[in-house]
Amino acid sequence: MSSHTVEPSLPPTSGNPESPLAGTQLERTARPPAARFPRRLAELVDTHALTLLRATVGIVFVGFGVLKLFPSASPAEQLAVDAATKMTLGLVPETVLLISLAALETAIGIGLITGRRLLRPALVAFFLHMGGVFSTLFLLPDAMWQPHSPAPTMEGQYVVKNVVLVAVCLVVAAHEWSREHRSRRPDGVG
């Protein structure tokens, strides 16, 4: 994800120190290193934005996935088990559900962090997983919504905040899936 803005080029000052552009040109070259830092940082982030997005969401998924491997370590453990139990109609034991969720979240995280061949399967698994996560808003309404109010409970907020992760992965997926299209263009662009 790289945005490119074109800065207008300044015409030469033709050696005239009274030219209004002369001071501007001097200011550009005479900036102290501390003044150049924000711009360089912005350029660095812009260059690596997709990798940064992928890696941070991946780290979050690995972290929360690994927490589910330790009993009572995850604040969302019971919520995840209750929702998964409803989705599986109670046919799968809770420990199996929890270990499966932990493995799935950890695998999604690893796929996002490493990218390459694991990125597409990780994105598909991510979006399927988010379908399950958001279904808790309907499967467990008493836990998700405050009584007599449209406001979410703390657990509901925990689920709703995932819209940010969905938005990030939509950006990553759009870039990933359009990359193949760009490489096949007959005009050689992209």
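In this predicted model, the side chain of Glu176 makes a polar contact with the side chain of Arg120. The distance is 3.1 Å. Glu176 sits in helix H9, which spans residues 162-183. Its relative accessibility is 8%. Glu176 is therefore classed as buried, since the cut-off for that class is under 20%. Arg120 is also among the residues that Glu176 touches once those up to four places away in sequence are set aside.

Ala49 belongs to helix H3, residues 49-67. Ala49 and Val172 are separated by 123 residues in sequence. In space, their C-alpha atoms are 9.6 Å apart. Helix H9 covers residues 162-183.

The fold as a whole is helical by assignment. The protein has nine helices and zero strands. Along the sequence, the order reads α-α-α-α-α-α-α-α-α. Contacts between residues at least 6 apart in sequence were also examined by separation. Of these, 62% join residues at least 24 apart. The protein has 190 residues, and 28% of them count as buried.

The accessible surface of the protein amounts to about 12,600 Å². Carbon and sulfur atoms account for 68% of that area. A nonpolar patch lies on the surface. Its members are Phe37, Leu41, Leu44, Val45 and Leu52. Together they have about 460 Å² of accessible area. Helix H2, residues 33-47, gives the most to this patch. Its share is four residues.

Val45 is one of the patch residues and lies in helix H2. Its relative accessible area is 39%. Val45 is thus partly exposed, because that class runs between the 20% limit for buried and the 50% limit for exposed.

Methods
Residues numbered from 1 in each chain as written. Predicted model: local features only at pLDDT ≥ 70, side-chain atom pairs only at ≥ 80, totals over all residues. Heavy atoms only, no water. Patch = residues over 30% accessible without salt bridge, like charges linked within 9 Å, V, L, I, M, F, W, Y side chains within 5 Å. Areas by Shrake-Rupley, 256 points an atom, 1.4 Å probe, with all protein chains shown as cover. Salt bridge = Lys/Arg side-chain N within 4 Å of Asp/Glu carboxyl O. Helix = DSSP H or I, 4+ residues; strand = E, 2+ residues; numbered from the N terminus. Buried < 20%, exposed > 50% of the residue type's maximum accessible area, 1.4 Å probe, protein only. Polar contact = N/O pair within 3.5 Å; in protein donor to acceptor, adjacent residues only side chain to side chain. Contact = heavy atoms within 4.5 Å.
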